[in-house]
Amino acid sequence: MTAPATTGDAFRLPLRRRPPAMLAVGAGHLIGRLPPARIRRILTFCARGARPASYTEASRARRTVTAVSVRCAGQGCLPRSIATALLCRTHGSWPVWCAGVRSVPFQAHAWVEAEGRPVDEPLSTTQMRPIVVVPPGRGPSLPDKALPDKALSDKAESP
């Protein structure tokens, strides 16, 4: 087991920006303990009516989250991604929240995307297969590969 470690790019956060970030981090830790279906429902509710976050907005929110939480700065990808999305939502935007896996070697990961790319994530994140995706403004979506064949045929036939 590894201990959480901070990233090398720490920055000073002004005092007035700390309370919302700390609340988002606390909520991220609490929501992250819930079952995946409930996490998806909560995040879907939070994303309703939000405009898509720009890469800059999502990156600023992620840096803010990692500045107030050592765990989020290290190995805590689930609370970090949830807190980043929630912090963006306080400003009226929502990044695309994703949770996915890689099979060889197995790894599960949660991250946020903006403008079609992962926000401040390692290159290996592009090798992940998204399982749950919560976009801004509407409900969760499952990638077409995750849908059963019957669901795909029904989807193709619907107008």
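At 33% relative accessibility, D120 counts as partly exposed, a class that lies between buried (under 20% relative accessible area) and exposed (over 50%), with a 1.4 Å probe and protein chains only. D120 is placed in the loop between β5 and β6 (129-134), and its phi is positive, about 50°, although the residue is not a glycine. The model is predicted, with local features requiring pLDDT of at least 70 and side-chain atom pairs counting only at pLDDT 80 or more, whereas totals for chains, interfaces and linings use all residues. Residues are numbered from 1 along each chain as its sequence is written, and side-chain values use heavy atoms, with hydrogens and water left out.

The chain holds 6 helices and 6 strands, which are DSSP runs (helices H or I of at least four residues, strands E of at least two) numbered from the N terminus. Along the sequence these elements follow the pattern α-α-β-α-α-α-β-β-β-β-β-α. Of the contacts (heavy atoms within 4.5 Å) between residues at least 6 apart in sequence, 65% join residues at least 24 apart.

Helix α3 (residues 55-68) has 14 residues and reaches 20 Å from its first C-alpha to its last, close to the expected 20 Å, where the expected span is 1.5 Å times one less than the number of residues. Its buried residues are Y55, A58, S59, A61, R62, T64, V65 and T66, and their cover includes α1 (18-32), α4 (70-73), α5 (77-89), β4 (107-114) and β5 (117-118). Helix α1, with 15 residues, reaches 21 Å, close to the 21 Å expected; here A21, A24, V25, G28, H29 and I31 are buried, and they pack against α2 (36-47), α3, α4 and α5. An α-helix has 3.6 residues a turn, so residues three or four places apart point the same way.

S93, in strand β2 (residues 93-94), is buried at 1% relative accessibility. Leaving aside residues up to four places away in sequence, S93 touches A50, R51, P52, A53, E57 and C88.

V104 and P105 are joined by a cis peptide bond with omega about -20°, and P105 is found in the loop between β3 (96-102) and β4. E115, in the loop between β4 and β5, has a positive phi near 55° without being a glycine, and this residue is exposed, with a relative accessible area of 56%. Most residues other than glycine have a negative phi, and most peptide bonds are trans.
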